[in-house]
Amino acid sequence: QVQLVESGGGLVQAGGSLRLSCAASGSIFSISTMAWYRQAPEKQRELVAAITSGGSTNYVDSVKGRFTISRNNAKNTVYLEMNSLKPEDTGAYYCKAELRDIYNTRFSDSWGQGTQVTVSS
C-alpha cells in the first residue's frame, strides 16, 4: 500500500508565498516522475510542475519564474515553492507520483488527497 500526503496549503494574500510538501510512503520500490497538479472550481485539473528522478523539471507557462519544484529522493518527497502568488493560483493542489511498489513490475500513478491554496486579492 502506497500513500501520498500533501501539506503546506493555506490562505495567503496576493504577492505572498507558500511551500507545499508531498511525502510518499509505504511499499515503494522506485519513484520516477513526481508532479504537482491543481484544480480550480469548475475547471479541469492541470499540470503545474513536474520533476524527474534525475532532476529535470517543467512548468506550465503561467507559473514559470514564480514556482519551483524540487524533490528529495532519499525521503520520497516532492516540494513546490510558490512565490508571488496571484488570485488565479487558487485551487486544490494535488501531488502525483509515478511509482512502482514492491508487489508489481510496472509503474503506475498514485495521487495525494490534495491541499487547498487560496490567494486573496
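Reply: The count comes to one aromatic pair, where rings of Phe, Tyr and Trp (its six-membered ring) pair if their centres lie within 6.5 Å, with planes under 30 degrees apart taken as stacked, over 60 as edge-to-face and the rest as tilted. The model is predicted, with local features requiring pLDDT of at least 70 and side-chain atom pairs pLDDT 80 or more, while totals for chains, interfaces and linings use all residues. Residues are numbered from 1 along each chain as its sequence is written, and side-chain values use heavy atoms, without hydrogens or water.

Charges also sit over rings (NZ of Lys or CZ of Arg within 6 Å of the ring centre and within 35 degrees of the ring normal). The charged end of Arg19 lies over the ring of Tyr79, 4.2 Å from its centre; that of Arg100 lies over the ring of Phe29, 4.1 Å from its centre.

Strands here are DSSP runs of E, at least two residues, numbered from the N terminus, and two strands pair if DSSP finds at least two bridges between them. Four strands form an open sheet in the order S1-S3-S8-S7, with antiparallel pairing. Its edge strands, S1 (2–7) and S7 (67–72), each pair on one side only. Six bridges join S7 to the antiparallel strand S8 (residues 77–82); Thr68 has Glu81 as its bridge partner in S8.

Thr115 belongs to strand S11 (residues 115–120). Thr115 counts as buried because its relative accessibility is 12%, the limit being under 20% (1.4 Å probe, protein chains only), with exposed over 50% and partly exposed in between. Beyond four places in sequence, its contacts (heavy atoms within 4.5 Å) include Glu6, Ser7, Leu20 and Tyr93.
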